[in-house]
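Open the model in your viewer and keep the selection tool at hand.

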Amino acid sequence: MSVLRLICSPRGAASESYRLSQFVVRALARTDAERGRELVDFDVNQLSHVDAEYAWALGSPADPAQATGTLCESDGLIRALAAADYLVIATPMHNYTVPSALKAWVDHVLRVRHSFNVTRQGKVGLLADRPVFLAAASGGFFTGERARQPDFLTPYLKAAMATMGLKSFHAFAVEGTAMGREALQAARLRAQAQIAGFFAPVPGEQEAVLPA
Ligand SMILES: Cc1cc2nc3c(=O)[nH]c(=O)nc-3n(C[C@H](O)[C@H](O)[C@H](O)COP(=O)(O)O)c2cc1C
């Protein structure tokens, strides 16, 4: 199995969202062990914003004969996404939504004629469905009774992934990282327990898949 993990925090592997994503990656390795494990880490902070040619191409009825600039970058990013069995997005919340580097990645992969088509009925995804796991971190709370801010991160990513055909979306978050050491520890344990619960085998499932 192959996992594409997007590292979106400017703090990279030292970040809270990366730390949380490790639990998802390890759980995937355990549940899908028979297929072996390939983990491709991609730091979206290295991405450029889409350029003028990209914008022209997206506004045109057909692609240019020769892809140049960020169109080429986009081709490679869509290929990497299409090749992955699982997508893990490790990201902080920035100003209620995704960091700009992750938005740049979305702009590269959510591309008409390549990852979705426009029809009379709306946009139709062109990628095969595969599970997407969000591992988010936020300084404050955006769910529950302590939430004092909107969440434009989770619904945005869910909608963006679904547009490409990736409809199986699962979100985990460490919320309240700025609320002190004890609160952070409690938030970590809550999120880790949610991940463990999600990946826990259903009773009888193992017996069901064993050959007779
Ligand atoms: C530019 C910026 C904007 C932020 N905006 C928010 C926000 O809107 N809501 C929030 O709860 N935390 C916000 N934070 C705090 C981060 O989400 C928090 O520190 C998080 O734990 C960082 O995760 P990371 O270690 O994965 O980068 C912001 C941080 C930065 C740097």
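Two residues are in contact if their C-beta atoms, placed from the backbone, lie within 7 Å. This is a predicted model, in which local features need pLDDT of at least 70, side-chain atom pairs count only at pLDDT 80 or more, and totals for chains, interfaces and linings use all residues. Residues are numbered from 1 along each chain as its sequence is written.

Select Ser15 and show its contacts: setting aside residues within four places in sequence, they are Ser9, Pro92 and Ala137. Ser15 sits in the loop between β1 and α1; helices (H or I, at least four residues) and strands (E, at least two) are DSSP runs, numbered from the N terminus. Ser15 is buried because 20 other C-beta atoms lie within 10 Å; the cut-offs are 20 or more for buried, 12 or fewer for exposed, and partly exposed in between, with C-beta atoms placed from the backbone.

Next, select Ser9, in the loop between β1 (2-7) and α1 (16-31). Ser9 is buried, with 24 C-beta neighbours inside 10 Å. Beyond residues up to four places away in sequence, Ser9 touches Ser15, Ser17, Tyr18, Thr91 and Pro92.

Last, select helix α6, residues 181-199. Colour Ala187, Ala191 and Ile195, which are buried. The buried residues of α6 pack against α1 and β7 (169-175). On the other side of α6, exposed residues include Arg181, Glu182 and Gln185.

Conventions: The expected span of a helix is 1.5 Å times one less than its number of residues.
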